[in-house]
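This report describes pockets and helices in a single model. The sequence and the structure come next, and the description follows them.

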Amino acid sequence: MRRNIVAGNWKMNKNFSEADDLICAIQDELANVDVCDVDVIVCPPYPYLELVTDASEDSDFYVGAQNVAHFDDGAYTGEVSASMLSAMDVDYCIVGHSERRKYFHETNKDIAEKINRLIARDITPIMCVGESLEERENGNHFDVIRKQVEEGIFHLSAEDMQRCVIAYEPIWAIGTGKTASKEQAQEIHAFIRNLIVEKYSDDVAQEVSILYGGSCNPKNAKDLFSMQDIDGGLIGGASLKAEDFIQIVKSF
Ligand code: PGA
């Protein structure tokens, strides 16, 4: 069954004491929320993972990393492997975020390798896809997303595919305050779900949660989450304030 999910991507924000304050505030806010119908995920920077996994032990949320190496282990200075994340009790990991594709030149092939390593360690990948403004204006957005999905994740078996989450994040909506309309988002979510139906089956497609990301906030979350194929959100800026983040969690 596809799950409702709200995942907070802190990106490279907060010093240690701010991160501590934020996770404590999230714990406090979550204590008053019924989260039976939604999985809450917090994705801090690597140095705060232990802080957040410790906090998750007495609270109803999961922990995600923001990236993983596409190698197993060895001489890869600065990288963090899936086995290291698994040893830290990380449940999810974002892969293929557009910021990583842009600034760190990640390719669909790298992303596929990362997904393999996460699956091998029982960590759920949250694979991000999305088009640039130029690609949308040229009418290429469907092709771009199809290629990202096919090359990034469609090598998986049906069984493994069902363990993945996909996030549609139009690049023009990330951190810009310019959200995709609920109709624009629904159109792409339905397109992605249909790709999964065609490649695997309807049953598999009904297991994969597809999240929307890009200026999702407490004001627009309810509308977006009401759409048929939108199973939740990957939240950047609004996840840095506990109150806003939990307001989004309560939007289902
Ligand atoms: P935003 O970021 O909510 O700040 O637009 C979303 C993301 O990049 O995951």
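## Basis and terms

A pocket here is an open set of points, on a 1 Å grid over the protein atoms alone, where a 1.4 Å probe fits and protein lies on both sides within 12 Å along at least five of seven lines; its lining residues have an atom within 4 Å of a point. Grid points are joined across faces, edges and corners, and a volume is the space filled by probe spheres set on the points.

The model is predicted, with local features needing pLDDT of at least 70 and side-chain atom pairs counting only at pLDDT 80 or more, while totals for chains, interfaces and linings use all residues. Residues are numbered from 1 along each chain as its sequence is written, and side-chain values use heavy atoms, with hydrogens and water left out.

The largest pocket holds about 530 Å³ of space. It is lined by 20 residues, of which Met12, Gln66, Asn67, Arg100 and Phe104 are the closest to its centre. Helix 4 (residues 98–103) gives the largest share of this lining, three residues; helices (H or I, at least four residues) and strands (E, at least two) are DSSP runs numbered from the N terminus. The lining comprises eleven nonpolar, five polar and four charged residues, where Ala, Val, Leu, Ile, Met, Phe, Trp, Tyr, Cys and Pro count as nonpolar, Asp, Glu, Lys and Arg as charged, and the others, Gly among them, as polar.

The second largest pocket has a volume of about 190 Å³. Its lining has 16 residues, with Gly175, Gly214, Ser215, Gly236 and Gly237 the closest to the centre, and by class it divides into five nonpolar, nine polar and two charged residues.

## Helix 1

Helix 1 (residues 16–30) has 15 residues and reaches 21 Å from its first C-alpha to its last, close to the 21 Å expected at 1.5 Å a residue, the expected span being 1.5 Å times one less than the number of residues. Ala19, Leu22, Ile23, Ile26, Gln27 and Leu30 are buried in this helix (under 20% relative accessible area, with exposed meaning over 50%, for a 1.4 Å probe and protein chains only). Seen down the axis, these buried residues fall within an arc of 135°, so they line one face of helix 1; the arc is that of the directions from the helix axis to the C-beta atoms.

The face turned away from the buried side carries the exposed residues Asp21 and Asp28.

## Helix 5

The 13 residues of helix 5 (residues 108–120) should span 18 Å, and its end C-alpha atoms are 18 Å apart, which agrees. Just after this helix, Asp122 takes a positive phi of about 60°.
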